[in-house]
Amino acid sequence: MPAPLAHLSQLPERKRSGPPLAVLTAYDYPTARLLDEAGVDLILVGDSLGMVVLGLPDTTGVTLEMMLHHTAAVRRAVKRAPVIADLPFRSYETPEQALASARRLMDVGADAVKLEGGIGFIPQVKAIVQAGIPFVGHIGMLPQSVREEGGYKKKGKTPEQGQQLLADARALDEAGAVAMVLESIVPDIAHDITQAVRASTIGIGAGRGTDGQVLVTHDLVGAFPWFRPPFAQARADVAAETRRATQDFVRETQGEAIG
Ligand code: KIV
């Protein structure tokens, strides 16, 4: 296995020479430590936290205080992999607010921050980048906009949407993004964006033509059995093991022999 990423400055070389980046989410100390030790390239403290850990209906209820709490826990665990932290909903409405929120995430140990949006957020991105904070973009399906959009929808299906996504990606690239998440984008458009930008593209539900792949770890290990997106293949069944161990413990505690 090639050496996993140890610093964000290695991203351009990985984009040139491969292998693709393997990126997973973590929100707590043990998971982050296991992912780091197992050789994941980047760890994302995603605001998916709201759904898979906190039981919220979507990511719009996640606050900056929640992100700070979980980013600090991940930082305590991770020795090698760069840690990216999400700027949550309504924490980057102006360039000043975006920079102040990004600084707080960096102060608790993030190596980079990510926000959702393209051309409309370039002033925020520039404020972050010009302050020397590594920035990761996120375009395509934007979970923080799910209420406005009325659901999670594939992006790039029409030529107009494809052109808009390319323009967003180029604008983020020009503004200095080191990487960008391409979420639920049709594979041909995700591939075209990957060819068009210097930043590393990290796909989720966007085909194989990106510079890397990201998954929510709970989907990968089967720890959130009530919902898993169709593109996420579960490679373990943590939910079943947790139920089995719990039932064993309940039976043993209540005096029944374990079969
Ligand atoms: O919040 C998150 O986990 C994310 C990934 C789905 C990319 O943004």
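What follows is a short exchange about a predicted model, its ligand site and a few of its loop residues.

Reader: Why is Ala 206 called buried?
Author: Its relative accessibility is 1%. Buried means under 20%. Ala 206 therefore counts as buried.

Reader: Where does Ala 206 lie?
Author: Ala 206 sits in the loop between β7 (200-204) and β8 (212-215). Ala 206 and Leu 182 are 24 residues apart in sequence. In space, their C-alpha atoms are 6.6 Å apart.

Reader: What makes Arg 90 exposed rather than buried?
Author: Its relative accessible area is 54%. Exposed means over 50%, so Arg 90 is exposed. Arg 90 belongs to the loop between β3 (83-86) and α5 (95-107). Its phi is positive, about 65°, although Arg 90 is not a glycine.

Reader: Why does Ser 184 count as buried?
Author: Ser 184 has 11% relative accessibility. The cut-off for buried is under 20%, so Ser 184 counts as buried. Its place is the loop between β6 (179-183) and α9 (187-196). Ser 184 is not a glycine, yet has a positive phi of about 50°.

Reader: Which distances apply to Asp 86 and Lys 114?
Author: For Asp 86, a polar side-chain atom is 3.2 Å from an oxygen atom of the ligand. For Lys 114, the distance is 2.9 Å, again to a ligand oxygen atom.

Reader: How much of the ligand does the protein bury?
Author: The protein buries 95% of the 260 Å² that the ligand exposes when taken alone.

Reader: What residue types form the shell around the ligand?
Author: Five nonpolar, four polar and three charged. Among the residues around the ligand are Thr 25, Gly 46, His 138 and Val 216.

Reader: How many cavities of 30 Å³ or more does the structure hold?
Author: One. About 40 Å³ of space lies in the largest cavity. Its lining includes Val 23, Ile 84, Lys 114 and Val 136.

Reader: Why does the lining of the largest cavity have one charged residue?
Author: Lys 114 is in that lining, and Lys counts as charged. The lining divides into seven nonpolar, no polar and one charged.

Reader: Which peptide bond is cis?
Author: The bond from Gly 18 to Pro 19, with omega near -5°. Pro 19 lies in the loop between α1 (11-17) and β1 (21-25).

Methods: Residues are numbered from 1 along each chain as its sequence is written. This is a predicted model: local features need pLDDT of at least 70, side-chain atom pairs count only at pLDDT 80 or more; totals for chains, interfaces and linings use all residues. Side-chain values use heavy atoms; hydrogens and water are left out. On a 1 Å grid over the protein atoms alone, a cavity is a set of points where a 1.4 Å probe fits but cannot get out, and a pocket is an open set with protein on both sides within 12 Å along at least five of seven lines; lining residues have an atom within 4 Å of a point. Grid points are joined across faces, edges and corners, and a volume is the space filled by probe spheres set on the points. A residue is near a molecule or strand if one of its heavy atoms lies within 4 Å of it. A polar contact is a pair of N or O atoms within 3.5 Å; within protein, one must be able to donate a hydrogen and the other to accept it, and residues adjacent in sequence count only if both atoms are side-chain atoms. Accessible areas come from the Shrake-Rupley method with a 1.4 Å probe; for residues, only the protein chains shown count as cover. Helices (H or I, at least four residues) and strands (E, at least two) are DSSP runs, numbered from the N terminus. Buried means under 20% relative accessible area, exposed over 50%, partly exposed in between (1.4 Å probe, protein chains only).
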